[in-house]
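Open the model in your viewer and keep the selection tool at hand. The tour starts at the ligand and then moves out to helices and loops.

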Amino acid sequence: MNVRKSSSFFAPLLRGRAGVSEAFSFSTSPFLILLLFALSLSASAQGLRDVFAPDVLVGVALNQWQTNGQDGRTTAIVRRHFNCITPENVMKSGPLQPVEGQFNFRQADEVVEYAEANGQQVIGHCLVWHSQAPSWFFKDDAGKPVSAEVLRERIRRHITTVVSRYRGRVHGWDVVNEAIEDDGSFRRSPLYNILGEDFIEVAFRAAHEADPDAELYYNDYSMSLPRKREAVCRLVRRLKERGVRIDAVGMQSHLSLHHPDLREYETTMDSLAAAGVKVMVTELDVSVLPSPWGFNGADVAQNFDYQKAMNPYTEGLPDSISARFEQRYLDLFRIYRRHRNQLSRITFWGLSDAQSWLNGFPIKGRTDYPLLWDRDYQAKPVLQRIMQLKDED
Ligand code: XIL
């Protein structure tokens with residue numbers, strides 16, 4: 001039963017309030033209030049999160065100006081549609097520990113307080129990543145790479161300090177971000193160059209020790225690529241064999257209208273589930289802009305020069321592209337519904353198009369339209385259609 005039907009069901013009773021019976025008043029009858037409550041429980045989705053409740057969390061990445069309590073527009077949408085928040089930047093190691101041993105928790109604390117005030121879970125993003133790490137992390141005083149022992153200790157200290165601070169208040173952590181290349185090899189980052197693949201186990205073990213109840217995740221982009229998918233599944237199996245806790249793998253899901261092939265995307269979900277972890281969609285957005293790679297990557301180190309031809313929709317989105325955007329989101333959400341037993345979370349990488357990182361990546365100064373709320377924080381029509389998917393089965 002949908003909401004519209006329920007209000008027309010009550011219309012005669014509400015009309016009758018004045019003329020027929022004061023005693024059967026809407027405002028005073030506990031019976032009616034109970035009935036309304038029961039109906040609202042059985043109604044169609046009231047918010048995005050209801051499309052998957054209670055098993056799959058639905059979240060959004062927010063920036064510090066959205067979680068400092070000043071942005072009423074964001075808060076109203078967040079409370080209705082989402083049940084978890086990922087800080088887009090402030091829990092990365094650079095902002096948290098800009099100088100060795102000096103932690104700056106102010107903005108991360110603000111996110112956690114904001115989430116708690118609004119009934120949201122917090123997802124910690126991210127403990128170990130070669131990007132947005134402080135410059136001192138991998139180097140000694142002379143600027144040379146540190147020894148394996150020093151790096152191991154730095155990883156442990158960072159994780160222990162951060163995870164213990166939020167023990168019991170962060171639902172789960174992206175422990176390691178982006179350790180595998182698209183071809184399935186380990187990324188030759190300073191982490192790998194100094195510690196080999198051991199850095200991954202060191203990080204997961206430290207996180208588990210600091211908060212044994214927190215969920216722990218591995219997170220990466222372009223997970224539909226077969227060799228990357230297989231390498232991540234191998235990594236999961238190896239960690240599990242060695243008794244390391246890993247609850248889920250995040251498929252970042254920075255997608256476009258054309259990439260990836262959604263059959264490959266589904267295969268990745270099945271493969272991860274078969275490897276023994278939950279699947280999460282952790283950074284969902286759908287770019288409508290041309291890609292300088294010809295596919296969709298998310299390596300934040302890559303940037304391309306601005307060209308006008310790569311920024312075609314500065315005056316608004318043509319209807320034909322909006323229609324494809326809508327279809328792409330519906331296709332994705334039908335997949336998520338079908339795979340909901342494998343999934344534990346779906347998080348959008350931003351709330352409104354105005355905020356999306358894709359306006360600046362991989363080319364600065366573009367106008368992209370990747371999210372479900374437009375630049376004025378108005379919901380796009382596809383939002384309602386996604387919410388109606390709940391009625392399809
Ligand atoms: C991005 C943020 O959205 C930007 O604001 C920041 O400038 C760079 O990082 N993969 C990740 C995210 O795991 O942390 C990245 O977030 C996007 C790609």
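Which side chain has an N or O atom 3.0 Å from an oxygen atom of the ligand? Select Asn 89: its side chain holds that atom. This is a polar contact (a pair of N or O atoms within 3.5 Å; within protein, one must be able to donate a hydrogen and the other to accept it, and residues adjacent in sequence count only if both atoms are side-chain atoms). Next, pick Glu 283, where a polar side-chain atom lies 2.8 Å from a ligand oxygen. Then take Gln 252, with a polar side-chain atom 3.3 Å from a ligand nitrogen. Taken alone, the ligand exposes 410 Å², and the protein buries 84% of that; areas use the Shrake-Rupley method with a 1.4 Å probe, and for residues only the protein chains shown count as cover.

A word on the basis: this is a predicted model, in which local features need pLDDT of at least 70 and side-chain atom pairs pLDDT 80 or more, while totals for chains, interfaces and linings use all residues. Residues are numbered from 1 along each chain as its sequence is written, and side-chain values use heavy atoms, without hydrogens and water.

Move to the helices. Helices (H or I, at least four residues) and strands (E, at least two) are DSSP runs, numbered from the N terminus. Select H10 (residues 226–241) and H11 (residues 262–274): their axes come within 10 Å and cross at roughly 15°. Axes are lines fitted to C-alpha atoms, for helices over the stretch in contact, with angles from 0 to 180 degrees between N-to-C directions. H10 and H11 are therefore roughly parallel (angles under 35 degrees).

Finish in the loops. Find Pro 54, between helix H2 (30–42) and strand E1 (57–62). A cis peptide bond joins Ala 53 to Pro 54, with omega about 0°. Another cis bond joins His 259 and Pro 260, with omega about -5°. Pro 260 sits in the loop between strand E7 (254–256) and H11.

Conventions. Angles under 35 degrees count as roughly parallel, over 145 as roughly antiparallel, 65 to 115 as roughly perpendicular and the rest as oblique.
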